[in-house]
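Visitor: Could we go through this structure together? I would like to begin with a place where two parts of the chain meet.

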Amino acid sequence: MGGAPSTPRNTGTDDVSVAEYLIATFVGEKSFPLASDFWNKLLELPLSSRWPSDRVHQACELFAQSNGYTRHLAKLLIHLSWCLQELLEASDAQASIYKKAVNATYISSVFLKHLIENGKSDSLEELHLSLDESEPVPHGFVMDQDIQNFVMHSVLSFIGSTEVSPNSYVLHQELLNFMLVTMSTQLLSGPSPGPGDSNPFIDAAMAQEKSIVCLAVRRLLLNYISRHRTPANAKSYMYSDGDSPGILERVGSAAATFVLLPLNYLVNNSGDGSKNPLAERSLHVLLILTNYHKSIMSDESMTDKSDDSATSESVSKVHVFSAGNTFSKALANARDVEFDRSDVEGNAHPGPHVRIPFASLFDTLGMCLADEGAVLLLYSLLQGNSDFKEYVLVRTDMDTMLMPILETLYNASMRTSSNQIYMMLIVLLILSQDSSFNSSIHKMILPSVPWYKEHLLHQTSLGSLMVIILIRTVQHNLSKLRDVYLQTTCLATLANMAPHAHHLSAYASQRLVSLFYMLSRKYNKLSELTGDKLQSIKISMSGEDDCVSEDLAAELQIFTDFLRLVLDILNAILTYALPRNPEVVYAIMHRQEVFQPFKNHPRFHELVENIYTVLDFFNSRMDSQRTDREWSVQKVLQFIINNCRSWRGEGMKMFTQLHFSYEQETHPEEFFIPYVWQLAFSRCGFSFNPDAINLFLVPHQVEKQIGDGRGEEEVEGNEKVQEQRIVFDP
């Protein structure tokens with residue numbers, strides 16, 4: 001039983017037959033012990049071997065039947081761990097060890113993935129991640145240790161401790177593919193993590209020592225920053241003769257064809273991902289790890305003695321709480337390699353932590369923010385890492401980060417996902433919470449904005465452009481998406497910016513007044529409809545009309561809030577920054593008739609009052625200087641600039657300065673876990689049996705549900721939307 005099978009004679013031209021024989025033996029019913037030489041022969045297959053994907057699928061089916069007895073998956077994972085440990089311990093690792101590690105990684109990925117996506121039990125018993133008690137084991141191996149913990153320790157240690165070089169590049173990339181496969185157990189569960197979910201490998205990753213976690217997070221970030229290109233010596237090995245990325249046909253990676261076939265049911269790939277596959281996989285493995293959430297159930301028993309009887313009843317109380325995420329904590333505690341606040345303030349952080357070059361990370365994110373994964377990483381850092389947020393806010397080249405975001409929002413109607421729009425707007429809201437940011441963006445002047453087509457923007461400040469894009473997003477949403485959370489985020493960001501506005505451009509000022517006009521028209525229309533509907537209800541007394549009336553009233557209240565918020569924005573500029581914003585005064589004077597209907601309106605009059613105080617001040621002075629000649633635009637603007645010097649704000653009512661902050665929902669994982677996996681699918685070419693996915697709906701499932709009679713709105717309602725909390729800080 002301990003021997004190795006005899007292999008066909010290799011004449012140098014029959015690598016395929018040798019590979020088929022060894023794989024057939026691996027998936028067969030005969031069990032080979034850990035110490036058998038069979039494993040060396042299997043893992044020493046030539047990297048150039050080829051094997052058709054249909055044979056791979058056949059092998060996987062056979063393996064699923066035999067693995068329960070042979071435990072070959074568990075043994076292969078142990079050999080993978082040993083290979084990685086040998087590479088870590090060797091001062092000058094041999095190419096043969098790398099080859100064995102690569103083959104072990106490939107073959108493990110293929111058969112593990114098949115077992116996961118075709119599993120029948122909730123606890124994934126089909127994996128059989130243990131050895132038989134009668135299994136003879138080599139000296140030094142602990143029989144009862146968790147194999148998933150053993151392999152994840154080795155994988156994360158290798159990733160974190162080994163530099164990426166031309167020799168190690170392929171192994172690094174395939175270990176990241178292996179990580180994606182092991183963590184794909186999440187796809188089997190619903191979008192709300194529960195105590196019954198089985199994720200043995202990712203749970204094992206979370207249980208690793210802090211030092212290993214920090215090294216792994218550091219390496220993943222450095223891979224993303226460095227953006228290593230595929231070395232020339234790896235391309236022929238990784239790709240088929242057609243040099244088609246993602247279609248791997250060799251036997252170890254032939255099987256990887258099965259793992260990495262291009263996704264055909266969930267694709268949103270711009271094609272840029274293939275340029276830096278290691279960076280892409282590093283990013284998405286990091287996002288999956290840092291957004292993982294494990295629910296733990298505790299059962300507390302307590303005795304109920306509420307009655308006077310001699311007997312007492314035992315009552316069980318079940319609590320569900322969240323286990324900590326070590327990778328998320330490591331990312332949140334990452335420090336700049338160039339500067340650590342503890343060096344100056346003496347607040348040393350105990351234990352190991354991630355040290356990375358913030359400058360390089362900032363520049364890389366700036367280059368990649370058209371990609372959703374980069375936006376999500378930026379959000380995670382700004383939301384969770386105070387050091388990185390502070391670093392971003394003191395940068396003097398904020399255009400590096402803001403321009404890609406603003407351009408993407410400008411082109412939002414062109415196949416941009418709603419989640420990407422949400423995340424970008426939340427990033428802007430988080431940044432706008434800082435007053436220095438709101439001031440600095442108005443000091444940076446952009447010579448031109450070539451991608452903005454509606455209007456020539458010349459010598460416009462970055463702050464003015466941000467105002468223009470946010471208003472444009474609101475207007476687009478009013479006409480197309482009608483999303484309350486999106487509107488609220490945009491207006492909250494504008495409200496945070498308003499008191500710090502400085503020389504807002506003419507176009508930005510005009511768009512701000514136009515936004516008020518657009519919202520006021522919608523408000524007036526809803527007011528009329530609500531009034532008419534109330535009148536008809538009094539006549540008909542219909543229950544159906546009652547529901548319609550409630551919907552109209554709710555929508556009217558929403559637009560009331562929006563309109564008040566825009567008036568608050570205008571008030572903040574006029575109250576705190578009028579002398580610095582003559583173009584805003586000009587825009588209000590030019591369209592002053594749009595405010596007239598609200599001058600005595602019970603819901604708005606106190607907010608409109610300040611606007612009329614400003615109008616009265618400038619109109620009266622203009623009337624006193626009128627002559628027979630006409631007032632040109634330039635003359636009116638110069639008049640406003642001159643009179644701004646004598647403006648003292650007399651008669652202005654002081655309102656509480658608005659300040660909104662972003663807070664995550666109570667269960668953000670219900671949004672982020674499905675989202676990061678959808679990104680992994682679209683960017684990494686990772687495929688999975690769509691019928692086995694419960695984490696989110698895939699397109700063919702949506703079509704099936706609509707075909708079964710469920711409407712599109714009902715189907716869309718099943719997807720968790722990131723409903724952020726925007727909190728007003730008084």
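Visitor: Which residues meet where α19 and α28 come together?

Guide: N419, Q420 and M423 in α19 meet F671, F672 and Y675 in α28. Please keep in mind that this is a predicted model. The residues of this contact divide into 4 nonpolar, 2 polar and no charged.

Visitor: At what angle do these helices cross?

Guide: Helix α19, residues 418-432, and helix α28, residues 669-684, cross at roughly 120°. Their axes come within 12 Å. Angles of 65 to 115 degrees count as roughly perpendicular and those over 145 as roughly antiparallel, and α19 and α28 are therefore oblique to each other. The crossing of the two is left-handed.

Visitor: Why give both an angle and a distance?

Guide: Two packed helices are described by the angle between their axes and by the distance between those axes.

Visitor: Then how do α15 and α16 pack?

Guide: Helix α15 covers residues 358-368 and helix α16 covers residues 372-384. They pack at an angle of about 140°, and their axes are 9 Å apart. This pair is therefore oblique as well, with α15 and α16 set obliquely to each other. α15 passes α16 in a left-handed crossing.

Visitor: And which residues make that contact?

Guide: From α15 there are L361, L365 and C368, which meet A374, L377, L378 and L381 in α16. The contact divides into 7 nonpolar residues, no polar and no charged.

Visitor: Let us step back. How many helices and strands are there?

Guide: The protein chain has 30 helices and 8 strands. Of its 730 residues, 53% count as buried. Among contacts with a separation of 6 or more, 76% are between residues 24 or more positions apart.

Visitor: What about the largest nonpolar core: which members touch the most others?

Guide: This core has 226 residues, and L377, F595 and W677 touch the most other members. Helix α24, residues 543-576, supplies the largest share of the core, 13 residues. In soluble globular proteins, nonpolar side chains tend to be buried together.

Visitor: What does W677 touch?

Guide: Not counting residues up to four places away in sequence, W677 touches L180, M183, S184, Q186, L187, I288, F686, L695 and F696.

Visitor: New topic: is L491 buried or exposed?

Guide: L491, found in helix α22, residues 484-497, counts as buried because its relative accessibility is 1%, and buried means under 20%. Leaving out residues up to four places away in sequence, L491 touches V474, L515, F562, L565, V566 and I569. The C-alpha atoms of L491 and L565 are separated by 7.0 Å, although the two residues are 74 residues apart along the chain.

Visitor: And V636, where is it?

Guide: V636 is in helix α27, residues 633-644. V636 is buried, with a relative accessible area of 12%. Apart from its neighbours within four places in sequence, V636 is in contact with Y586, M622 and W631. V636 and Y586 are 50 residues apart along the chain, and their C-alpha atoms are separated by 7.7 Å.

Visitor: One more: is Q148 buried or exposed?

Guide: Q148 has a relative accessible area of 17%, so Q148 is buried. Q148 lies in helix α6, residues 147-161. Residues up to four places away in sequence aside, Q148 touches L129, P200, F201 and A204.

Methods. Residues are numbered from 1 along each chain as its sequence is written. This is a predicted model: local features need pLDDT of at least 70, side-chain atom pairs count only at pLDDT 80 or more; totals for chains, interfaces and linings use all residues. Side-chain values use heavy atoms; hydrogens and water are left out. A nonpolar core is a set of buried Ala, Val, Leu, Ile, Met, Phe, Trp, Tyr and Cys residues joined through side-chain atoms within 4.5 Å. Buried means under 20% relative accessible area, exposed over 50%, partly exposed in between (1.4 Å probe, protein chains only). Helices (H or I, at least four residues) and strands (E, at least two) are DSSP runs, numbered from the N terminus. Contact means heavy atoms within 4.5 Å. Axes are lines fitted to C-alpha atoms, for helices over the stretch in contact, and angles run from 0 to 180 degrees between N-to-C directions. Angles under 35 degrees count as roughly parallel, over 145 as roughly antiparallel, 65 to 115 as roughly perpendicular and the rest as oblique. A crossing is left-handed if the near helix is turned anticlockwise from the far one by less than a right angle, and right-handed if clockwise. Ala, Val, Leu, Ile, Met, Phe, Trp, Tyr, Cys and Pro count as nonpolar, Asp, Glu, Lys and Arg as charged, and the others, Gly among them, as polar.
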